[in-house]
Amino acid sequence: MILILQILQILLNVVWWVIIVQAILSWLIAFNVINTSNDFIRSVWYALQRMTDPLYRPIRRILPDFGALDLSPMVVLLAVIILDKILSTAIANQMYGGAVVVG
């Protein structure tokens, strides 16, 4: 059981980093530091969008429209952090028999 929880925690870490990389790349594209006419940049950008759009789509339906400001990555990161804390607590409870509270 602990192994499954640790694998889920690693997957949450990967999701966290993908969102962070996509946010930084979007800022670099928006400020014209890098250009999407480069094939490598365009392929990385499209791959990141394909990975994160299924996570953002339900949140974008719920959140009000803020124009150019997209808060859905922040909401997903908050959810990832909350799930990570829950998994950390569950791992500690499995390892130490429920006597530890992770804070």
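Residues are numbered from 1 along each chain as its sequence is written, and side-chain values use heavy atoms, without hydrogens or water. Because the model is predicted, local features need pLDDT of at least 70 and side-chain atom pairs count only at pLDDT 80 or more, while totals for chains, interfaces and linings use all residues.

Start with helix H1, residues 2-30, and helix H2, residues 39-62. Helices here are DSSP runs (H or I, at least four residues), numbered from the N terminus. H1 and H2 pack at an angle of about 125°, and their axes are 10 Å apart. Axes are lines fitted to C-alpha atoms over the stretch in contact, and angles run from 0 to 180 degrees between N-to-C directions. H1 and H2 are therefore oblique to each other. Angles under 35 degrees count as roughly parallel, over 145 as roughly antiparallel, 65 to 115 as roughly perpendicular and the rest as oblique.

Which residues make this contact? H1 brings Val15, Val18, Ile19, Val21, Gln22, Leu25, Ser26 and Ile29. H2 answers with Val44, Trp45, Leu48, Gln49, Met51, Thr52, Leu55 and Tyr56. Contact means heavy atoms within 4.5 Å. By class, the residues where H1 meets H2 are 12 nonpolar, 4 polar and no charged.

Gln49 lies in helix H2. Its relative accessibility is 25%, so Gln49 counts as partly exposed. That class lies between buried (under 20% relative accessible area) and exposed (over 50%), with a 1.4 Å probe and protein chains only.

Now turn to H2 and H3. Their angle is about 110°, and their axes are 9 Å apart. H2 and H3 are therefore roughly perpendicular to each other. Leu55, Tyr56, Ile59 and Arg60 of H2 meet Ser72, Pro73, Val75 and Val76 of H3. This contact has 6 nonpolar, 1 polar and 1 charged residues.

The largest nonpolar core has 10 residues: Leu5, Leu12, Ile19, Tyr56, Ile59, Val76, Leu77, Val80, Leu87 and Ile91. Such a core is a set of buried Ala, Val, Leu, Ile, Met, Phe, Trp, Tyr and Cys residues joined through side-chain atoms within 4.5 Å. H1, H2 and helix H3 (72-96) each supply at least two of its residues. H3 gives the most, with 5 residues. Beyond its neighbours within four places in sequence, Ile19 is in contact with Thr52, Tyr56, Pro73, Val76 and Leu77.

Conventions:
Ala, Val, Leu, Ile, Met, Phe, Trp, Tyr, Cys and Pro count as nonpolar, Asp, Glu, Lys and Arg as charged, and the others, Gly among them, as polar.
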